[in-house]
Structures are given as structure tokens and as C-alpha cells.
Amino acid sequence: MNPIIRLENIHYRNKDRMILSVPQLSIEQGEILGIMGPNGAGKSTLLKTLSCLQAPSAGRIFYHHNALPTKNIPLEQRRKWAVVLQQTLIFDTTVFHNVAAGLKIRHVPRKEIKEKVEFWLEKFGIAHLAKKNAHQLSGGEAQRVNLARALILDPEVLYLDEPFSALDFPTKVKLLKDFKSIIKDTDMTTIFVSHDLTEVKFMTDRLAILMNGEIVQIGSTLDVVTNPNAYSAPFMNEMQLPIEE
Ligand SMILES: Nc1ncnc2c1ncn2[C@@H]1O[C@H](COP(=O)(O)OP(=O)(O)OP(=O)(O)O)[C@@H](O)[C@H]1O
């Protein structure tokens with residue numbers, strides 16, 4: 001086992017309320033870990049803790065076996081991961097320049113930026129949109145730009161917080177298929193918060209179920225979905241219920 005990230009005795013409190021309590025969590029290099037749970041279970045808090053966007057009240061985070069400082073994470077460290085949220089963060093410029101943004105900040109030479117942007121636009125099937133203003137894109141196209149902008153930075157870890165939830169079903173299916181093959185090609189460690197069981201079954205190797213800030217079950221996605229334990233079963237059953245008229 002070679003964890004890229006390990007949480008040890010992580011707690012996040014707000015006033016007297018315990019929002020997250022994770023005694024131990026290891027994430028293996030190259031795995032795609034899903035995080036599911038009811039509204040308010042602490043999924044986004046866990047993602048923000050893992051990606052160091054939010055400091056825990058207590059506990060330690062190890063990255064490649066090195067303990068990270070809980071505050072003021074060095075820039076070169078933060079640049080090793082990328083975060084993609086449900087809301088697309090699109091700048092009022094062309095698709096090309098949106099995807100190039102992170103490389104420009106890193107002062108990558110222009111020729112290399114051009115090559116990389118063209119490569120990633122092609123990968124995400126949006127090369128034909130390169131010159132279009134990104135504010136004129138559909139939701140699915142904008143999310144492709146968002147993902148391309150994250151992946152072009154070649155992060156070691158990719159954090160996704162419901163990036164597909166605003167998309168209609170056919171758009172989502174197409175993007176999920178493209179995205180999964182891209183992720184598998186790159187062997188990027190990916191942490192994926194989602195409300196959609198179909199999406200999680202398709203995308204993830206391992207699944208953690210979070211309830212009231214605690215991981216109540218974690219295991220291979222197939223195992224958790226087919227053999228939920230006593231804590232996660234009510235939630236999993238609701239997820240699989242057909243919606244009746
Ligand atoms: N900074 C904060 N201050 C106060 N309460 C917070 C803070 N961050 C999160 N919470 C609370 O902690 C709980 C967990 O929130 P979080 O957003 O992590 O849940 P979630 O599982 O991602 O929810 P959802 O599925 O609705 O997005 C919620 O009750 C939320 O209101």
C-alpha cells in the first residue's frame with residue numbers, strides 16, 4: 001500500500017458542533033475514491049480538508065508520508081492538486097485562454113502553452129470552441145473547459161465536488177465516459193463527491209459513505225453498493241429506490 005494522502009484523527013468543529021470526525025483515511029496513488037452521503041453529512045467539508053482549502057480543528061494530514069502544515073500550505077505544494085466544483089469558474093475570454101490560465105500564471109513558455117491547450121481541448125472534444133468566448137458556452141461545454149483547465153496542470157490529485165450535477169443526462173453520460181478514459185490514461189488520484197449513484201458506480205474504484213461527519217463504510221464501490229452495512233443501508237436503499245408517481 002502506498003497512500004498519497006493519509007488523514008489521522010481529523011476533526012472539524014464549528015463552535016460546539018462536530019462536523020467532521022475521521023480517525024483514519026488513506027487514499028492510494030492512482031485510485032478514484034467516491035464520497036457519498038446525505039445532505040449535510042460533511043462531504044464537502046471532507047473534500048476541503050483533504051485539499052487543504054480548510055484547516056481541520058485537530059488532526060494531521062500526510063501527503064506522501066510527510067505531515068502537511070494545517071495552515072499556510074506552501075504554493076508549490078498546493079499546485080500539486082486541482083479542485084473542480086459544481087459551479088464552473090469561467091473567465092470572460094476565449095475557451096483557449098480559459099484553459100491556458102493556470103499555465104500562464106506558472107510562466108510556462110508560450111509554445112508549450114499552445115501545445116498543451118490544443119492537446120487538452122482535443123481530449124475533451126472542445127477544440128472547435130477554442131476561439132469562442134467561454135461565457136457563450138452551454139453548461140456541458142463550460143464544465144469541459146473547467147475540467148481541461150484543471151487537468152492541463154497535471155495535478156497529482158484531482159478533487160471533484162459534484163462537477164456533473166448541473167448537466168442534463170445525455171450531456172453527463174457523454175462527459176463521464178470521456179472523463180473516465182482520460183483519468184484512467186493519466187493514473188491521476190481522484191476524489192469525487194457525488195449525489196448520483198450511477199455516476200459513482202461508473203467512475204469510482206472505492207466508495208466512502210459519510211453520515212453525520214463520520215465515514216460509516218468504506219470499501220470497493222461494488223461491495224459498498226451491493227453489501228451496505230447497517231449504518232449505510234438506509235441511505236443506499238433510498239439512493240436505489242425508483243421514484244414513484
Ligand atoms: N464553515 C462552516 N460553518 C458552519 N457550519 C458549517 C461550515 N461548513 C459546513 N458546515 C455545516 O457542516 C455540515 C456539513 O456540511 P457539508 O457542506 O460538508 O455537507 P455536504 O455533505 O457536502 O452537504 P450537501 O450534500 O448538502 O452539499 C452542514 O450541516 C453544514 O451546514
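The model is predicted: local features need pLDDT of at least 70, side-chain atom pairs count only at pLDDT 80 or more, and totals for chains, interfaces and linings use all residues. Residues are numbered from 1 along each chain as its sequence is written. Helices (H or I, at least four residues) and strands (E, at least two) are DSSP runs, numbered from the N terminus.

**Helix α3 and helix α5**

- Two packed helices are described by the angle between their axes and the distance between the axes.
- Helix α3 covers residues 95–105 and helix α5 covers residues 139–151; their axes come within 7 Å and cross at roughly 30 degrees. The axes are lines fitted to C-alpha atoms, for helices over the stretch in contact, and angles run from 0 to 180 degrees between N-to-C directions.
- That angle makes α3 roughly parallel to α5. Angles under 35 degrees count as roughly parallel, over 145 as roughly antiparallel, 65 to 115 as roughly perpendicular and the rest as oblique.
- The crossing of α3 and α5 is right-handed. A crossing is right-handed if the near helix is turned clockwise from the far one by less than a right angle, and left-handed if anticlockwise.
- On the α3 side, Val-95, Asn-98, Val-99, Ala-101 and Gly-102 meet Val-145, Ala-148 and Arg-149 of α5. Two residues are in contact if their C-beta atoms, placed from the backbone, lie within 7 Å.
- By class, this contact of α3 with α5 has five nonpolar, two polar and one charged residues. Ala, Val, Leu, Ile, Met, Phe, Trp, Tyr, Cys and Pro count as nonpolar, Asp, Glu, Lys and Arg as charged, and the others, Gly among them, as polar.

**Helix α3 and helix α4**

- The axes of α3 and helix α4 (residues 110–123) come within 10 Å and cross at roughly 130 degrees. The two helices are therefore oblique to each other.
- The crossing of α3 with α4 is right-handed.
- Phe-96, Val-99, Ala-100, Leu-103 and Lys-104 in α3 meet residues of α4, including Ile-113 and Trp-120. The contact of α3 with α4 has eight nonpolar, no polar and two charged residues.

**Buried residues and the core**

- The buried residues of α3 are Val-95, Phe-96, Asn-98, Val-99 and Ala-100. A residue is buried if 20 or more other C-beta atoms lie within 10 Å of its own, exposed if 12 or fewer, and partly exposed in between.
- What covers these buried residues of α3 includes α4 and α5.
- The largest nonpolar core has 61 residues, of which Ile-35, Val-99, Ala-148 and Ile-191 touch the most other members. Helix α5 gives the most to this core, with six residues. A nonpolar core is a set of buried Ala, Val, Leu, Ile, Met, Phe, Trp, Tyr and Cys residues joined through C-beta atoms within 7 Å.

**Two asparagines**

- Asn-98 lies in helix α3 and counts as buried because it has 25 C-beta neighbours inside 10 Å.
- Leaving aside neighbours within four places in sequence, Asn-98 is in contact with Ile-90, Phe-91, Thr-93, Ala-134, Val-145 and Arg-149.
- Asn-2 is found in the segment before β1 (3–14) and counts as exposed because it has 9 C-beta neighbours inside 10 Å.
- Asn-2 touches Glu-28 and Gln-29, not counting residues up to four places away in sequence.
- Asn-2 and His-65 are 63 residues apart in sequence, and their C-alpha atoms are 9.1 Å apart in space.
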